[in-house]
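Hi,

Here is the structure I promised to pass on. Have a look at it first, and then read my notes below.

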Amino acid sequence: MCSSDLLDIGAALTKCGYAGEMSPRCIVASQVAGRSLFSLTSPASLYSALVEFVHHLYFKWLLVNPKDRRVVVVENVLGPTLFRETLAKVLFRHYEVSSVLFVPSHLVSLFTLGVRTGLVLDCGHRESTVIPVYEGVPILAAWQAQPLAGEAVQQAVRADLACRGRVTRGEGGLQEPLDPELLTDALVADVALRCCFVTSLSRGGQLGAMLADPSSGERLAGWLEKDAAPGVVLPCGGDKLLQVDGVTREASAELLWALDQDKMSVASIVLDAIAASPVDCRDRKSTRLNSSHLCN
C-alpha cells in the first residue's frame, strides 16, 4: 500500500514530507522563477507554475514518482478557490496521483496535541487567523483575521535596520552606516526568523513607549547600553557583518499586540473569536485553549 505525501503550501514557504515522519523533508519558498505562486491570477499561468513547482518538490526533495501516490494538502480554509482547484487538476491530470485530500490547517494543528477542541491561532506570512474548532469541526462563523504576521514583522525589522543598523567591515572592525541595498528580502527574513523574539509584557510596553516618543533618544541609548537584549552579528556579503541591536530583536514583534486605528490586534481577535463562538462551546469544562504557530 502506498504511503501519503504531505504538502503545506503557504504564502511564503512550502513544507513537504511523508506522513508519519516527525519533520518535513524540505521547507522551500513558494515561488517559481522568482514569482510567488499566490500572485498568479491567470488559470493557465498558475497551472504551468504549479506543474513546475510540484515537479521540483517530488524529484528533488521527496525523490519518489508521484504517480499512484496519495497526497494530503494542508490548506487555509480561507484560501483562494482558484489555487485549490488548479492544484487538484495538476495533481490528478499531470501527475496522476491516486487521491488528494484537502484538510484545514487549523484542524490538523490539534491532531498533534491529541485533542478535538481548541482555539487555533495560525500566524502565517501575510495574516494571523483565528478559528475555533469544536469536536473536530471548525466554527467558520467565528473566524477572525488581521494582517499582522510574518510580513509585518519583517517590515518592522527592515525599518529598524535602516535606522539603527550598522555594518562592520574587515578585520579592524570599523563600523559604517548600513547601505539600504544590503537589506535584501532574504537578509531581512533571516534576521526576523533567527534573531527576533517576543519579549515580556512589561519590557514590551517600555520599548513601545520609547520608540513612539521622538524625544526619547537618550533613554533609548541608555536602554541599548544597559538593559537591552544582547546584539547579534550576521554575515551580509563578503567581509561585511551586520550588527543587529537588542531593541530590534525585542521590539519588532510588538506590533502584533499594539492596537491599530480600529482597536484591533492579534490579542483582540483571539477574544473576538471566543465571543463569537456558541456559548456551549465556551464552557470551561468542555473546551481547552490551544495555540499553533505555523511559519508559512
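In total the structure holds 12 salt bridges.

Before you go further, keep in mind that this is a predicted model. The pLDDT of the protein chain averages 88, and 93% of the residues score at least 70. The stretch to watch is 285-296, where the pLDDT is below 50; in the model it still has 44 contacts beyond near neighbours in sequence. Where pLDDT is low, the predicted coordinates should not be read in detail.

Now the sheets.

One of them is an open sheet of five strands, ordered E3-E2-E1-E6-E7, with mixed pairing. Ignoring direction, neighbouring strands here are turned by 20° against each other on average. Strand E2 (residues 13-18) and E3 run antiparallel and are joined by four bridges. And what stands opposite Cys16 in E3? That would be Cys26. Helix H2 (residues 81-94) packs on this sheet, where it touches strand E1 (4-9), strand E6 (70-75) and E7. The direction of H2 makes about 155° with that of E7.

There is also an open sheet of four strands in the order E13-E12-E15-E14, and its pairing is antiparallel. Its edge strands are E13 (174-177) and E14 (232-235), each of which pairs on one side only. From one strand to the next, the twist averages 35°. E14 and strand E15 (residues 240-244) run antiparallel, with four bridges joining them. If you want a pair to click on, Leu234 has Leu242 in E15 as its bridge partner. This sheet has a helix packed on it as well: H5 touches E14 and E15, and its direction makes about 145° with that of E14.

H5 turns up again in the helix packing. Helix H4 (residues 150-164) packs against helix H5 (residues 185-194) at an angle of about 105°, and their axes are 9 Å apart. That angle makes H4 roughly perpendicular to H5. On the H4 side the contact is made by Val153, Gln154, Val157, Arg158 and Leu161, and on the H5 side by Asp185, Val188, Ala189, Val191 and Ala192. By type, the residues of this contact are seven nonpolar, one polar and two charged.

What angle do helix H6 (residues 201-212) and helix H7 (residues 217-227) cross at? It is roughly 145°, and their axes come within 10 Å. H6 brings Arg203, Gln206, Leu207, Met210 and Leu211 to the contact, and H7 brings Arg219, Leu220, Trp223 and Asp227. The residues of the H6 and H7 contact split into five nonpolar, one polar and three charged.

That's what I have for now. Over to you!

Cheers

Conventions. Residues are numbered from 1 along each chain as its sequence is written. This is a predicted model: local features need pLDDT of at least 70, side-chain atom pairs count only at pLDDT 80 or more; totals for chains, interfaces and linings use all residues. Side-chain values use heavy atoms; hydrogens and water are left out. Axes are lines fitted to C-alpha atoms, for helices over the stretch in contact, and angles run from 0 to 180 degrees between N-to-C directions. Helices (H or I, at least four residues) and strands (E, at least two) are DSSP runs, numbered from the N terminus. Angles under 35 degrees count as roughly parallel, over 145 as roughly antiparallel, 65 to 115 as roughly perpendicular and the rest as oblique. Contact means heavy atoms within 4.5 Å. Ala, Val, Leu, Ile, Met, Phe, Trp, Tyr, Cys and Pro count as nonpolar, Asp, Glu, Lys and Arg as charged, and the others, Gly among them, as polar. Two strands pair if DSSP finds at least two bridges between them. pLDDT is the predictor's confidence in each residue, from 0 to 100. A salt bridge is a side-chain nitrogen of Lys or Arg within 4 Å of a carboxyl oxygen of Asp or Glu.
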